[in-house]
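Here is a structure to explore step by step. Take a moment to look it over, and then let us walk through its parts together.

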Number of protein chains: 2
Amino acid sequence: MAGQARVLGALTLDSGEVLPELTVAYETYGTLNEDRSNAILVCHALTMDQYAASTHPITGKPGWWLNLIGPGKPIDLDRYFVICPNVLGSCLGTTGPTSPAPDGKPWGMRFPVITIADMVRAQAKLLDALGIEQLHAVVGGSMGGMQVLSWAALYPERVRNAAAIATAARHSAQNIAFHEVGRQAIMADPHWAGGDYYEGTPPTSGLAVARMAAHITYLSEAGLTEKFGRRLQDRDAKSFGFDADFQIESYLRHQGVSFTDRFDANSYLYITRAMDYFDLAEAHGGKLAAAYEGTSTRFCVVSFDTDWLYPTSESREIVHALMAAGAEVSFVELSSPFGHDAFLLNTPGMDQIVAGFLG
Amino acid sequence: MAGQARVLGALTLDSGEVLPELTVAYETYGTLNEDRSNAILVCHALTMDQYAASTHPITGKPGWWLNLIGPGKPIDLDRYFVICPNVLGSCLGTTGPTSPAPDGKPWGMRFPVITIADMVRAQAKLLDALGIEQLHAVVGGSMGGMQVLSWAALYPERVRNAAAIATAARHSAQNIAFHEVGRQAIMADPHWAGGDYYEGTPPTSGLAVARMAAHITYLSEAGLTEKFGRRLQDRDAKSFGFDADFQIESYLRHQGVSFTDRFDANSYLYITRAMDYFDLAEAHGGKLAAAYEGTSTRFCVVSFDTDWLYPTSESREIVHALMAAGAEVSFVELSSPFGHDAFLLNTPGMDQIVAGFLG
């Protein structure tokens, strides 16, 4: 079933503002069983979307987590019913800055600033509408992992199992810094026009630069060296010019430009802001363990050894807090040369871990 | 003696092009002795300049290496005569894209692409003009260290001692990637206008974004966390907006904007390109040791444990190559929480090492 969306009424946000009408677009895979006990919520990362296991309507590319989701795969569609919603603030059908405000024009920068918890509350409203009281599991990587951690903190009784992959319980200063570079790149593009560009030319140059900067953080230095090194692009010698002499330049430019075909610049601003604001401990008196006291949710935390965006040390902090809260938690650091992106790739060990955890 | 410059005639570049007239601006500190044997060449980094130990004429800030250069300091002005030239391609008096081309208008992007070796050859011409045949030492950090390595490879008989600090013998894929983000940010700024902006508004927005992205790479994650963490800027609570809520955002924005007052965007393009092109081994049949065979130059290599721009592993490669070439080399990894920037700071141990090495 593709291209579904639900209109879910008003949503009160962490900022205190009220979003008058929330729509959540989502994809589902597999079949909900009779007692509605086999649902798994898959939460997506910053620039991902609901097309976790189906073809993206704009790019035509296959789902971004086909490694994990499918019949007989770790998130087994022969057994589980998977719901993947587009997050609040995004641009693939769920309410965000591209959506019409009450005056009928796109929200643009009039859209209220949102948080990861707001995204999760929007998803909870979707589950209410679908009649799903409790989830077999919530699973997600990167910003998806932040949603997983928030789900288990906000709705412990609704989450039997929570798998948080390549993520952190708060955004670090360095992560905020990279996001700020991206936002400033977008805002420096005159086509951004204060976010009011929907009837004109979008700020594709600024968004492409933002994507390029972020993309570097998704890869490890070792991975970049292995994949590109200092190899030249379609030439035998340096051009002594400013063309993309090196493969890494050509690759980054392509990543930047192709991103602008499928993503909205204002959505990028809002979602990066939500991630910067994310600090689960802060919302619990500075003590992360307090977010999970008395929980009966089972947790699985996975990190990757070359991920420098959300390094293993951040996962360890989550694990220590969960243990301090008396939660049942398993933790694995997987080895991969591909940095943060490893959570999207066919990283050895990840399939067995997710399959084993989901049972 | 401040504000000196020499007109040095034509310079043939690695690209094969000929720069018809080369001017090199430089500062000197201390006194040249009678047999002209006490000269130390100090080479500056990407966005630095000749004002290593004197006040910057635009910012009014003190010299960037006053920790090391001064009477009684490691680069002891009671004993040594220090020459610090502005590099080729820069914008503080040495020929670069802001300089007049033969038609009287600024070169802009008509300026030929340059290399680190071209910078060094320009400095050699300056030394010729100053009547300095041999240097007691060449010392530099970051891109300054690349010049040090090139000096010792190109003119071994002119360099008695070479200190290469926080540097590498080639630019990695990740380093090229960060530079490419900066260049694309500049070129995406409509004020850049293909580099032809000298009679109009310069591309300050793009240059500021480029500086912000680069600045993140100069600091360590631990240093950023220690210095800023997730602390808010002049407020008690998040604003739920896009102002600089976090100190790190405010700091980065300031770094970006203040940089544009003292640096030229086209110079940034050319100098980053020169760094990307830098690969000393490549110029010697892929074997770095071949660059130093039979050398009698003494080397000192210094790295910092939290520098992820030029990590210690890159310094080790230099040291291994020098040892393979039979060169005399000492190597120290210093501990600092401040990442790459440690070479500009009062990092414990650095003064003794430089003083001890220079003798």
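Domain bounds here come from an automatic or database domain assignment. For chain A, that assignment gives domain 1 (4-170 + 279-358) and domain 2 (175-272). The C-alpha centres of these two domains of chain A lie 25 Å apart.

A word on the model itself: it is predicted, with local features needing pLDDT of at least 70 and side-chain atom pairs counting only at pLDDT 80 or more, while totals for chains, interfaces and linings use all residues. Residues are numbered from 1 along each chain as its sequence is written, and chains are lettered from A and ligands numbered from 1 in the order in which they are written.

Now see how the domains of chain A touch. Counting two residues as in contact if their C-beta atoms, placed from the backbone, lie within 7 Å, 25 residues of domain 1 of chain A are in contact with 22 residues of domain 2 of chain A.

Next, turn to the two chains. In chain B, 43 residues are in contact with 43 residues of chain A. Helices (DSSP runs of H or I, at least four residues, numbered from the N terminus) that give two or more residues to this side of chain B include H3 (173-188) and H4 (204-218) of chain B. The largest share, 11 residues, comes from H3(B).

How are the copies related? Superposed by least squares on the C-alpha atoms of residues with pLDDT of at least 70 in both, chain B can be laid on chain A with an RMSD of 0.0 Å by a turn of 180° and a shift of 0.0 Å along the axis. The two copies are thus related as by a two-fold rotation axis. Also, 100% of the interface residues of chain B are interface residues in chain A, so the copies meet through the same surface.
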